[in-house]
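Trainee: Could you walk me through reading salt bridges in a model like this one? I would like the general idea and then the case at hand.

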Amino acid sequence: MATFLGRKLSPLYKGEIGNRFNTCIEGTRIKHTMGPVSLKMYDKFGLILRIETTVNDVSFFPHYRTVEQRDGRTVTHWARMTKSIYSLPALREALQAAKRRYLEFLSTLDDPRPGIDRLRRVSEPVRETNDRIRD
């Protein structure tokens, strides 16, 4: 989850990280959470795949911005994102990058169905004239 959000997981991280899998009538949902950020994947009726990110605290993400110091100077450096309209483009960029990394990860997964079919074919008993042949 940390790599999708562009973070490195360190032993000093004190937030909560988790995954949930839910199935309901409309479809299935996989939800990955890291602190105040969650990345969800919905399978609507087996037809539509939807990926969504939600953020409860935007200060989770750093971005390069102008910061006013206590002595009145303005300095541009990496700082925590603030909850303002000026942070929306940077927040959009961070969340889109997380979704892009998640989709790239999903595209590397192999489809297990051919292997499952082969395993099923090999593991089924062979019958000749109603007699089962042992392996």
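**Reading the salt bridges**

Mentor: Let's start with lysine 40, which counts as buried because its relative accessibility is 11% (buried is under 20% relative accessible area, exposed over 50%, partly exposed in between, with a 1.4 Å probe and protein chains only). This is a predicted model, where local features need pLDDT of at least 70, side-chain atom pairs count only at pLDDT 80 or more, and totals for chains, interfaces and linings use all residues. Residues are numbered from 1 along each chain as its sequence is written, and side-chain values use heavy atoms, leaving out hydrogens and water.

Trainee: Which side chain does lysine 40 meet in a salt bridge?

Mentor: Side chains of opposite charge can pair when their charged atoms come close. The rule here asks for a side-chain nitrogen of Lys or Arg within 4 Å of a carboxyl oxygen of Asp or Glu. Lysine 40 pairs with glutamate 52 at 3.2 Å, N to O. Glutamate 52 sits in strand E4 and lysine 40 in strand E3, so the pair ties together parts 12 residues apart in sequence (strands, E, are DSSP runs of at least two residues, helices, H or I, of at least four, numbered from the N terminus). Glutamate 52 is buried too, at 17% relative accessibility. Lys40, Arg50 and Glu52 are linked in a network of salt bridges.

Trainee: How many salt bridges does the rule give?

Mentor: The count is 5. Among them is aspartate 71 with arginine 73, their closest N and O atoms 3.0 Å apart. Aspartate 71 is exposed at 56%, while arginine 73 is partly exposed at 48%.
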